[in-house]
Amino acid sequence: MKKLKEYALHAFNTRLGFIITLLLIYWLKTMWAYHADFSLDLGNPYQVFLSIINPIPVGLLLLGLGLYIKKTRPFYIVTWLIYTLINLLLISNAIYYREFSDFITVSAMLASTKVSAGLGDSALNLLRAWDILFILDYLILFIYLISKKIKKSRKPRLIKMDKRPFNKRASFAITALSALLFSINLFLAEVDRPELLTRGFSNTYVVRALGLPAFTVYSGNQTYQAQKERNQATADELTDVKSYVTDHYAAPNTNYYGIAKGKNVIVIHLESFQQFLIDYQLEVDGKKYEVTPFINSLYHSNSTLAFSNFFHQVKAGKTSDAETLMENSLFGLNSGSFMVNYGGENTQFATPTILGQTAGYTSAVFHGNVGSFWNRNNTYKQWGYNYFFDSSYFSEQTSSNSFQYGLNDKHMFADSIKYLEHMQQPFYTKFITVSNHYPYTSLKGEADEEGFPLAKTDDETINGYFATANYLDASLKSFFDYLKASGLYDNSIIVLYGDHYGISNSRNTSLAKLLGKDSETWTEYDNAMLQRVPYMIHIPGYTGGGIHDTFGGEVDALPTLLHILGVDTSKYVQLGQDLLSPENTQTVAFRTSGTYVTPEYTSYGGHLYYTQTGQEITNPDETTTAATKEIRTAVAKQLSVSDQIQTGDLLRFDTDNGLHVVDTSTISYSNSLKTLKAIEKEKGQNSTSLYSLNGNKTTSDLFEAPSYAKLHETTENSTTSSSSESGNNN
Ligand code: GP9
Ligand code: MN
């Protein structure tokens with residue numbers, strides 16, 4: 001035992017031993033922080049493994065840099081400084097995380113005044129007793145040095161400095177080894193999450209896979225790239241953009257302008273929901289099941305303005321692109337996610353800002369995933385959202401009520417009410433559902449209870465899609481029932497949209513049969529048509545609704561909505577066109593260059609088709625060539641103007657649109673219920689929240705969410721008969 005101690009001490013007293021000891025302590029501290037402070041959302045043993053190994057490669061790389069120093073003292077000082085630096089990064093992130101549920105990005109470091117404003121009361125309040133563990137090594141060293149000074153070398157010195165310099169080759173070998181380990185780490189991370197660094201997803205994903213120092217470098221690079229483009233952009237560019245916007249502007253249709261003025265707006269983000277689900281009947285073992293009866297009823301209601309040729313326009317940013325498009329009338333990026341790369345910095349005049357400043361709306365997002373996913377927690381501030389209720393506001397997630405993307409929809413809606421009812425009206429709210437998300441197994445804990453059948457194809461993903469869509473439909477119905485019971489329904493409008501495809505093109509041949517098509521003759525045209533997603537504006541009490549077949553995309557949603565709410569958009573830099581305007585040009589740009597849909601032509605996957613028939617055009621005549629050239633130019637222009645605005649942060653120059661730039665330092669997403677209640681109290685008699693109007697009583701108990709199986713148990717006969725009819729026409 002004594003021998004072992006001596007041996008260990010001897011090893012520690014070499015330069016390499018010193019570095020490895022520091023690495024080990026750093027690893028232990030990181031494991032502690034991962035466990036005690038960060039919620040890394042570790043979904044499987046593979047991710048756990050990645051999180052265990054990830055402090056090592058970069059830790060060794062950084063600490064190993066000291067080995068290049070020959071002189072003794074400088075070696076120890078520099079190595080200790082590097083060690084202190086990575087420790088500081090770890091500790092500050094641990095503390096920051098307690099307030100923001102996110103890691104410190106480089107842009108947050110640069111905007112440290114904003115951050116400290118967001119830290120609220122005092123960073124001191126965020127300290128925990130166990131933080132002592134983070135500095136235990138410093139304390140021990142300090143005590144050792146002091147006692148050594150006092151005892152003055154009566155005993156042999158335990159810690160000695162190694163005077164022998166490391167040779168260059170050996171130092172390089174350590175660097176090379178750590179680089180190799182990092183490459184392996186990166187490779188393993190990519191296996192777990194393809195395109196991890198290019199798409200961004202969430203800071204949690206990067207830290208979980210690569211560790212904090214690597215995340216900081218990654219975030220620094222992001223900030224650098226964004227800053228570079230931003231710095232080069234000038235106000236003159238906005239002048240060009242504005243002339244495009246003016247030429248492209250589609251004036252509102254007077255029949256619809258202002259029909260929902262002053263109403264609450266409730267936006268429902270239907271995750272991965274494709275248009276083909278509407279009115280679809282799934283046949284399993286000879287029995288037909290209507291997948292989304294409730295959404296179908298909305299689609300056919302004369303209180304709904306519905307659109308049958310509305311396409312998603314997202315790329316790698318998926319949900320985040322859809323949100324960017326829907327609430328800014330600007331596109332996401334050609335690669336990566338706009339919200340991740342620019343969202344936390346760029347000036348935007350998004351829906352919450354416009355409605356807040358022009359019509360006094362209060363705004364909030366409800367979403368059962370962690371707030372940092374897609375950088376929402378930062379982006380929503382730039383967009384002017386007053387509140388963001390993320391998973392930290394909802395019931396604890398268990399394996400039966402949630403899955404990797406968060407709390408299942410019924411629970412999310414149920415849990416939202418206690419916040420929603422305290423919001424001052426009129427409000428603009430967005431509910432982001434998740435259960436209908438790939439791999440369509442979110443109901444694992446509740447599948448039996450829910451009881452909607454699985455499809456029977458050779459593709460598991462497709463098989464689950466209908467059951468989760470049905471669950472989403474039922475959740476929505478429960479939420480509508482609540483809105484009706486609480487009275488909110490009558491002074492609200494409900495906007496529904498599908499964010500993007502749920503079944504990717506590579507799976508469409510397996511889907512073909514369920515759609516009554518032949519997988520052998522499946523074409524790119526069929527793929528293009530499957531990019532349709534729902535867009536509906538449901539206006540209770542209004543009877544002029546109907547299904548419009550105008551071709552449009554997510555970029556067109558915002559001007560359409562604002563005109564219905566009676567908001568003039570002519571001064572805003574929005575690239576879409578009101579879908580109800582007779583001036584709409586019906587040209588839908590997909591984010592991949594050269595692909596588009598118009599009522600006449602569809603260009604997709606390198607092929608050209610007639611949209612009405614799906615017939616391929618292999619030898620276009622002169623008229624077709626000229627017409628498609630014009631469409632291609634228009635589409636490319638719309639995308640390039642969007643990129644120019646987004647990457648150049650051009651809206652910061654837009655000073656004459658009647659709006660003012662959001663002061664994000666006044667927005668905090670913590671303690672929101674307290675804030676809402678304080679506002680209610682301050683307004684007293686004038687409070688317009690549902691809670692106040694309901695005599696200070698909660699409405700939470702009005703929400704009921706029976707399962708599919710339960711519903712069918714009591715209404716067995718009526719349901720069977722309605723599901724055998726085609727569609728649902730009310
Ligand atoms: C996660 C959810 C999913 O919070 O919005 O995003 P997606 O994977 O669809 O882009
Ligand atoms: Mn999505």
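Okay, let's start with histidine 500: an N or O atom in its side chain sits 3.2 Å from an oxygen atom of ligand 1. I'm calling that a polar contact, meaning a pair of N or O atoms within 3.5 Å. Threonine 319 does it too, with a side-chain N or O atom 2.6 Å from a ligand 1 oxygen, and for arginine 376 the figure is 2.8 Å. The protein covers 97% of the 310 Å² of accessible area that ligand 1 has on its own, with areas from the Shrake-Rupley method and a 1.4 Å probe.

Before I go on: this is a predicted model, so to speak of local features we need pLDDT of at least 70, and side-chain atom pairs count only at pLDDT 80 or more, while totals for chains, interfaces and linings use all residues. Residues are numbered from 1 along each chain as its sequence is written, chains are lettered from A and ligands numbered from 1 in the order written, and side-chain values use heavy atoms, leaving out hydrogens and water.

Who else is around ligand 1? The list includes Glu271, Lys318, His367, Asn369, Phe373, Trp374, Tyr405 and His437, where near means a heavy atom within 4 Å.

Now the backbone. Glutamine 425 and proline 426 are joined by a cis peptide bond, omega about 0°, and proline 426 lies in the loop between α19 (409–420) and β9 (427–432). Helices here are DSSP runs of H or I with at least four residues, strands runs of E with at least two, numbered from the N terminus. There's also a cis bond between tyrosine 438 and proline 439, omega about 5°, with proline 439 in the loop between β9 and α20 (447–450).

How values were computed
A polar contact is a pair of N or O atoms within 3.5 Å; within protein, one must be able to donate a hydrogen and the other to accept it, and residues adjacent in sequence count only if both atoms are side-chain atoms.
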